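Open the structure in your viewer and keep the selection tool at hand. The stops below can be taken in order.

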Amino acid sequence: MAKLTALVFIVLATVALQSGGEVVVPFNSELYVPSADLNAFCTVQNETFVGWFKVDGDKRTKIDVVASRADVKANPGVLIETRSPNEKTCTLIFPKGSPVTIGGTYECTGSKSKASLVVQVRPNLGSLKKYQYLHIGKNEKIVLGAITYPYSTFVWKKNLVVIDFASDPRLTLEKDGSVVITNVKESDAGRYDVHIDWEGRNTADEIINVTVIEKPKFLSTPTPSTLKGITGYDYKFCCNHTGMPKPTLKWYKTQGSNEVQLDVTNPRYSVDANCMSIKTLGQSDAAQYKCTSTNSAGQASATVTIEKVGVKPSVDTLAEDSMLKSVNKPLEVECTGKGDPLPTMEWTNGGKVLANQKQEPGKSTMMFKSLRLKDTANYTCTARNGLFYDGKEVHASRNFQLNVIAKPLLNKNRTPSPVYSFLYNKNSVLVQCVFEGFPDPAVEITKNGVSLANGTIVASLYVTTTNLKDFGDYVCDAKNNHGSASHTVKLKEAVVPGKPINVKVKKTCKSALISWEPPVDNGGMQVLNYVITVHNSTTKFPSKNVIWKNLMHKIEYVFKPETTYKVELSARNIVGAGAPEVFTFTTNKYCKPGPPLISTIGGKRTKADLTVFGPDIKVTWKAPQDNGFDENLGYHVEWRVRKEFNQTEWEKSELLQKLEYDIKGLKKGKYEIRVYGVSKAGNGKSDMRVVNVDDHKDTTSTTFSPKLPETVADTLPTSTSTSFSTKLPETVAAMPTLPDGISQNKGTQGGPVAGERKGGLSKGTIAGIVIAILLIVLITIDLFCCFFNSCGLIFCCQRACCGGKYSPDGKSKKDSAEMEKLSKKPAPEDV
C-alpha cells in the first residue's frame with residue numbers, strides 16, 4: 001500500500017511540473033540609447049501570452065503586436081516567435097530614434113504570471129539651447145528637455161543664487177527640468193545654471209542665458225485715424241511705442257498702391273523722435289501715413305489717413321454790419337460764405353438758432369415780416385463745412401446789430417401796480433417804472449408835480465409810509481426822440497385779508513381734518529397765518545394758529561361722536577385778521593378701530609423667528625384699546641406664504657366674534673399672519689406677524705436625571721452610586737404650554753414642559769437630597785457606635801458574619817485582656 005501511494009505521488013508531481021506556467025524576462029532593467037534599437041526579451045512557457053504593457057500607476061497601455069521587425073518604425077512593437085509548442089519568445093522592440101518618453105515600467109503578461117522590466121533613459125542635452133528668449137507678459141518656458149527615467153532631480157540657480165520654487169508662485173519646475181514662468185517680467189532675464197542628478201550620477205552644470213524680449217507695441221497712435229485736412233494748416237502725427245530691445249520707428253507714405261519711406265528731404269516734412277510733421281498742408285498731402293516699430297521680437301504698425309484736403313469755411317462781408325429800422329416794418333438780411341466743401345450758413349441770437357431764416361447751400365437769409373421792439377439784438381451768421389482741426393470744429397462767423405426804432409413802451413411785468421404798505425411800516429416799499437424803446441427812453445417819477453426819481457429805461461423809488469400823504473398816485477413819464485408815454489403806479493394802504501375759500505372737512509367720530517385755499521384778496525400784504533377756532537353748544541376750544549404755507553390742518557381736539565361743532569377759519573396778514581369763514585360739521589357715530597394685539601400663534605407667545613408646528617395652528621389676540629365706539633367688533637384673520645417677490649393673495653377667515661381662530665392645512669414654510677378689527681365704520685389697522693411653520697409636531701419624550709449638589713455628593717461613599725431617571729407620560733410631554741406658564745388645557749395653571757427647567761429645584765430633587773442626607777447621618781452614627789460603644793447595626797453584622805467575640809478594634813477579648821494586663825503600671829513602693 002505504501003509503494004502504491006508513493007507511485008501516485010510521483011505521477012502527480014510530474015504532471016504538475018509539466019503543466020506549470022512561467023514568464024521570464026532576463027533583465028530587470030534596460031538602458032535605452034536613441035542611436036540603436038533596444039530589444040527586451042520575454043520567454044513564456046506553458047501558458048498563453050497576453051501582451052506587453054506599459055504601466056503608469058493604475059494605467060496599463062498595451063503595446064501593439066507586429067508581424068515582423070520591419071513593421072516596427074516610429075513606435076515600439078511586440079514580435080512573437082514560437083520556440084516550441086509550450087514556449088514562445090515575445091520581444092518588445094524599441095526602434096532607434098524613439099522619443100525619450102518611452103522610459104518607464106513595462107510588464108510581460110501571461111495568462112497565469114507576469115514579469116517586469118524598467119526601461120531607463122539617461123539625460124540627453126544634445127539639443128539644449130544655450131541662449132533662450134522669453135516674451136514679457138506671457139507664460140513661457142526655459143526649456144531644458146532632460147526627459148529621463150527614473151526621473152532626475154534638478155537644482156536651478158539664477159545669477160548663482162539657488163531658486164526656491166516653493167516660495168515663488170510664478171515659477172513651476174517640470175519633470176524634464178524645464179522652468180515655466182508665469183507672466184514673464186523684465187527681471188526674469190539673466191544667467192541660469194542647472195545641476196542634474198540622475199540615479200546618483202551628477203552631470204556638469206549647464207548654463208542658459210535668458211533674454212527677456214517684448215514685441216513692439218504702441219502706447220498711443222494718431223487719433224482720429226482718418227481725417228479731412230485743411231489747406232494751409234500744420235499737422236503733427238505721433239506714434240509713441242515701447243518694446244524690448246528698444247524698437248526703431250520709421251514712417252512711410254502710401255499714395256495709391258505705392259508705399260515709400262517718408263521723404264524728409266522735403267522741407268515741409270520732418271521727423272522728430274516719434275512724431276512726423278507736415279507744414280502748410282496741400283492737396284498732394286492727401287495720403288496714408290504709416291509708422292512701423294521694429295525690434296528682434298517683432299514688428300507693429302499704425303496708420304493715419306488724410307483722405308481729403310479741404311478749404312476752411314469763411315463768411316462774406318455783410319452789406320451792413322448794423323441797421324436801424326422802424327417798428328412794424330419788414331426786413332431781410334442775407335449772409336453768404338465759401339469753403340470746400342461748401343459751408344452751411346446759420347443765423348443765431350444769443351446762441352439760439354433762429355426759426356425765421358431760409359437756408360440754402362452757402363447762404364442763409366434772416367427774415368422779419370413785421371419788426372417788433374424786442375427784435376432789437378445782436379445776431380450772428382456762422383459758416384460750417386464739417387472740417388475739424390485738433391479735435392475742434394473749424395468755423396467762421398460775422399455779427400449783425402439790429403436796432404428797431406420805437407417810442408417808449410411800458411414793461412408791465414417789471415412795473416407792478418398797485419403797490420401796498422401800511423401806516424408806520426418800518427420797511428420801505430418799491431415804486432418802479434420800466435419803459436422800453438429805441439433810443440433808450442428817459443424815465444421820471446413824480447407825485448403831485450414833484451420829481452422824485454429818474455433814470456434811463458428804469459426809474460425806482462423806495463417809499464417809507466410814515467404819513468397818510470405817502471399813499472396815493474405816483475406818475476411815471478418816459479420820453480425818447482420818437483415819442484413819449486405815461487403810467488401811474490398806485491401806492492395803497494393795506495387792509496386785512498378776505499375769507500379763505502373752498503373750505504372742506506374730512507371727519508371721523510373723534511377728529512376732523514380741514515383744508516382750504518388762500519383768500520382771493522390778501523389785503524395787499526402777504527398772509528402770515530390762519531386762525532382756527534372750534535366750539536360747540538357748551539364748549540369753546542382754544543384757537544390754533546397755522547402758518548401760511550400749510551393749507552391743511554388736523555384739529556387735535558378729541559371730539560365726541562355724533563356731535564355738531566362750529567368752526568371759524570380766518571386769514572391774518574400784518575394788518576390783522578380778516579372776517580372768518582364759518583361752517584359746521586357733525587362727527588360720525590363710529591370710527592375705525594385700532595389694531596388688535598396678537599398674543600399667541602400655535603400655542604406660543606409671539607416673538608421674532610417664531611417656529612410652530614402645523615398643519616393646523618391656533619391664533620389668539622387681545623381686543624384693540626380703541627374700539628371706535630363700536631362695542632360689537634368683529635375680526636378677520638388673513639394669512640399667506642411670505643415671498644420676497646410676487647406675493648400671493650391673502651386667504652381670509654369669515655367675520656369672527658371671538659378672539660381666536662384655527663388656521664388649517666398649512667404647509668411647511670414661512671407665513672405672514674395678520675388680524676384686524678371691523679366696526680360699523682369699516683376695517684381698522686392690523687397687527688401682523690411672521691411665523692415659521694414646521695410640518696410635524698415634536699412628540700419626543702424627555703428624560704432627565706437630577707444631580708445632587710457637589711457638597712452633598714462629595715459626602716457619599718465612593719463605592720456607592722445613585723442614579724434615577726423620570727420619564728413623563730407622552731400626554732404631558734406633548735402638551736404645549738404658553739411662555740407665561742399657562743397651559744392651553746382649559747386655561748389652568750400648568751407646570752413646565754417635560755424636560756424643560758423653569759428655575760429652582762423640583763420637589764422630587766429636594767426629597768432625594770433630604771433622604772441622602774438622612775442616610776449619611778444614620779451611617780455616621782452607626783459607625784461611631786460600632787467603634788466606640790460596640791453597638792449598632794454594623795457591629796451586629798460583624799458578629800453575625802465573622803463569629804466569636806470581637807472588640808471594636810478587631811482583636812479577641814483574650815488578647816485584649818493580656819494587653820490590658822501588660823499595660824498596667826506597678827504600684828508604687830514605700831521607701
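What follows is a tour of selected residues and strands.

This is a predicted model, in which local features need pLDDT of at least 70 and side-chain atom pairs count only at pLDDT 80 or more, while totals for chains, interfaces and linings use all residues. Residues are numbered from 1 along each chain as its sequence is written, and side-chain values use heavy atoms, with hydrogens and water left out.

**Aromatic pairs**

The structure holds 17 aromatic pairs. Rings of Phe, Tyr and Trp (its six-membered ring) pair if their centres lie within 6.5 Å; planes under 30 degrees apart are stacked, over 60 edge-to-face, and the rest tilted.

Select Phe541 and Phe559. Their pair is edge-to-face, with 6.2 Å centre to centre and 90° between the planes. Phe541 is in the loop between β47 (529-535) and β48 (544-547), and Phe559 is in the loop between β49 (552-555) and β50 (564-572), so the pair links distant parts of the chain, 18 residues apart. Strands here are DSSP runs of E with at least two residues, numbered from the N terminus. Phe541 and Phe559 are both buried, where buried means under 20% relative accessible area, exposed over 50%, and partly exposed in between (1.4 Å probe, protein chains only).

Phe585 belongs to strand β51 (residues 581-586), so its pair with Phe559 ties together parts that are 26 residues apart in sequence. Phe585 is buried, as is Phe559.

Next select Tyr233, Tyr235, Phe237, Tyr289 and Tyr389, which form one aromatic cluster.

**Charges over rings**

Which ring does the charged end of Lys290 sit over? That ring is Tyr252, and the distance from its centre is 5.8 Å. At another site, Lys680 lies over the face of Tyr590, 5.2 Å from the ring centre. A charge sits over a ring if NZ of Lys or CZ of Arg is within 6 Å of the ring centre and within 35 degrees of the ring normal.

**Strand β23**

Select residues 240-244, strand β23. Strand β20 (residues 206-220) runs antiparallel to β23 and is joined to it by 4 bridges; two strands pair if DSSP finds at least two bridges between them. Phe218 stands opposite His241 in β23.

**Two loop residues**

Ser152 lies in the loop between β13 (140-142) and β14 (153-158). Is Ser152 buried or exposed? Ser152 counts as buried, at 8% relative accessibility. Its side chain makes a polar contact of 2.9 Å with the side chain of Thr148 (a pair of N or O atoms within 3.5 Å; within protein, one must be able to donate a hydrogen and the other to accept it, and residues adjacent in sequence count only if both atoms are side-chain atoms).

Move to Ile457, in the loop between β41 (450-456) and β42 (458-463). Ile457 is partly exposed, with a relative accessible area of 27%. Not counting residues up to four places away in sequence, Ile457 touches residues including Cys433, Phe435 and Pro441, where contact means heavy atoms within 4.5 Å.

**An open sheet**

Finish with the open sheet of 5 strands, in the order β54-β60-β59-β56-β57, with mixed pairing. Its edge strands, β54 (610-613) and β57 (651-652), each pair on one side only. Strand β56 (residues 634-641) pairs with β57 in the antiparallel sense over 2 bridges. Trp639 stands opposite Glu651 in β57.
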